[in-house]
Amino acid sequence: MKRFKSNILTAGVVITALSLGSCSESFLDVSSKTESTTGNFYKTEGDAWRALIGCYDGWRQISSNPGSANIYLQATVMSDECYGSTGNGDGRGFQMLDQFDQSQSPSDLQYFSTNWKVYYAGVYRCNEMLTHTYTWSNPANEGLYMGEAHALRALLYFDMVRMWGNIPLFTAPSEENRAQADPAEVYALIVDDLKYAIANIPANANLGTDNFGRITKYAAEALLARVYLYYTGYYGKELGFTNEAGETTGTCTKAEALAAVEDVISSGNYSLVSNFKNLWPAASLDPIPGELGWSSSSTYAGDANSEVILAQNFTPTQDYDGNNDSNRWLVMMGMRNLNDTEKGYGKGWGACNITPAFIDKYLAGDPRYTASVIDLEAEGCDKIDGWQTSVNDWREYTGYTVKKYTPMVFGNGLPATNATGTAGFQECNAQPWVIVRYADVLLMAAELGSAQAANHLNAVRSRAGLPALALTQQNIMDERARELAFEGIRYWDLLRQGVETLADAVAASGGDVLNGGVPGTVTYNKEKIIRTKGLNQIPEDQITLSNGVLKQNEGWY
């Protein structure tokens, strides 16, 4: 029989010599914890490799040590896809996010404090690596390692500038109390970092299952197109920043963005998995009733399948002693303290119940619905012992929750966090977070005006068994909503069409729910959403530590 396995990123298992600091006195505080220091490290190619491992680990910390909600959870809750949900007696932090309203949880003034520290610690690691000069025993590795570090820094900054909009920018190791930069300058660094990665990571590097989770040239190209579409949509202008000396950096044209994704397509390295459900463990793995393992009929295409261009990889060995390497947010997505051993859906904390309005976006017969959504009553979950107890402890229950990212359980009830069911169900989930899929690249190419735009759009629809559509911007966006649902993308797709578009979509997603088994209603105030400009709260403790140099985003004070 097939067993559920986790592909382990070689570069992600070893922890760097420079470990994550506590930031108790400064919002940027990363200190050496071993014999290696900046004085005797960062010299040889081996040092560069160890430093790169640290950069990858720093990036992974955004999910392994995410604080209250990592960027995936934020985007899923703040879009029109899902309500905040969680337990009926829990704090209302997820409702604060979902409603864009501090009054939902007035005491949560530093909701993202850990996130802020983790992101800047990751940037610090990348800056340390990129600032030094190394002796290369294999010169070919210089462009590869440094290209990966540039791309990782770009990923970290792209998340931060989307979440918070107004952030300090550091391109070298520093503990300076620095004011927030013009977002255009941050994006200029992101673009230049991605272009460096594209130019320097060899085309044949980091491909294949052994390198799953490492950044390729093609991942950097796909991210460049994503950055272009988001920036030009949200800010309504072209990329590029001109400093006081008249020097312009970080430019990227629409033609360049299109060329980047078309290179991904023409490379021949990626293809659509033939059956959509096989992309997702919970949609394709069949637990053996009463046993530890999965049946031979399981059809999961695997973590490193032909459609994955970039994923954040994890290992099922996290603990409560500071070892952070698992997908720590996945437990939030499980059914509220309820296992379905027949289907393999594992228990969790009940976040992100899907809005009925988003369910209505699926077309009749679209197989992406059953692969993406757990229709709890249609699938018979309401027949499980303990079902009513679960519903009575569930906030904003709608009857629908996310299948793409749900914890898994074996047929004997043990968590499918490792092959033996011995790793904790809360802290040791290891399903990769897929950052970029080939389907997304095809749809970006269509949106950017590829000569094959109609073919790209309809290739995605054809895989779902749906008829061809006319090539229009609205049809592309509607297809993105269905294809990429619950992957942490929809929120940014809405926001780049304008904060009013986001507000309209979120407001329209309000509806009837059960709160602890009692009927209730979720409603939204569009003006509150618009006032925030779609940005998150900057942690108040960071504003205090900066002595007021940092300023809170509008709508969060």
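User: Why is C55 called buried?
Analyst: This is a predicted model, and every value here is computed from it. The relative accessibility of C55 is 0%. Buried means under 20%. The value falls under that cut-off, so C55 counts as buried.

User: How do you know that C55 is in no disulfide?
Analyst: Start with the whole structure: a search finds zero disulfides. Then look at C55 itself. The nearest cysteine sulfur belongs to C126 and is 3.8 Å away. A disulfide needs two cysteine sulfur atoms within 2.5 Å.

User: Where do C55 and C126 sit?
Analyst: C55 is in α2 and C126 is in α5. Both are listed where these two helices meet. From α2 come A48, A51, L52, G54, C55, D57, G58, Q61 and I62. From α5 come V118, Y119, G122, R125, C126 and M129.

User: What makes α2 roughly antiparallel to α5?
Analyst: The angle decides. Helix α2 (residues 45-64) and helix α5 (residues 113-131) cross at roughly 165°, and their axes come within 8 Å. Angles over 145 degrees count as roughly antiparallel. The angle passes that cut-off, so α2 is roughly antiparallel to α5. The crossing is left-handed. The residues of this contact divide into nine nonpolar, four polar and two charged.

User: Why is α6 called roughly antiparallel to α7?
Analyst: Apply the angle rule again. Helix α6 (residues 140-164) and helix α7 (residues 183-200) pack at about 150°, with axes 8 Å apart. The cut-off is over 145 degrees, so α6 is roughly antiparallel to α7. Here too the crossing is left-handed.

User: Which residues meet between α6 and α7?
Analyst: On the α6 side they include G143, L144, H150, Y157 and F158. On the α7 side they include P183, Y187, D193 and N200. The contact residues divide into 15 nonpolar, four polar and three charged.

User: Why does C252 count as buried?
Analyst: Its relative accessible area is 2%. Buried means under 20%, so C252 is buried.

User: What makes H456 buried?
Analyst: H456 has a relative accessible area of 10%. That is under 20%, so H456 is buried. H456 lies in helix α15 (residues 453-463). Leaving out residues up to four places away in sequence, H456 touches I265, L442, A445, A446 and S450.

User: How do you know whether E342 is buried or exposed?
Analyst: Check its relative accessibility, which is 63%. Exposed means over 50%, so E342 counts as exposed. E342 is in the loop between β4 (335-336) and β5 (347-348). From E342 to L97 is 245 residues in sequence and 33 Å in space, C-alpha to C-alpha.

User: What is the phi of C352, and is C352 buried or exposed?
Analyst: C352 has a positive phi of about 65°, although C352 is not a glycine. C352 is in the loop between β5 and α11 (356-359). Its relative accessible area is 0%, under the 20% cut-off, so C352 is buried.

User: Why is N547 called exposed?
Analyst: N547 has a relative accessibility of 70%. The cut-off is over 50%, so N547 counts as exposed. N547 lies in the segment after α20 (540-545). Its phi is near 55°, a positive value in a residue other than glycine.

Key:
Residues numbered from 1 in each chain as written. Predicted model: local features only at pLDDT ≥ 70, side-chain atom pairs only at ≥ 80, totals over all residues. Heavy atoms only, no water. Buried < 20%, exposed > 50% of the residue type's maximum accessible area, 1.4 Å probe, protein only. Helix = DSSP H or I, 4+ residues; strand = E, 2+ residues; numbered from the N terminus. Axes fitted to C-alpha atoms, helices over the stretch in contact; angles between N-to-C directions. Parallel < 35°, antiparallel > 145°, perpendicular 65-115°, else oblique. Left-handed = near helix turned anticlockwise from the far one by under 90°. Contact = heavy atoms within 4.5 Å. Nonpolar A, V, L, I, M, F, W, Y, C, P; charged D, E, K, R; others polar.
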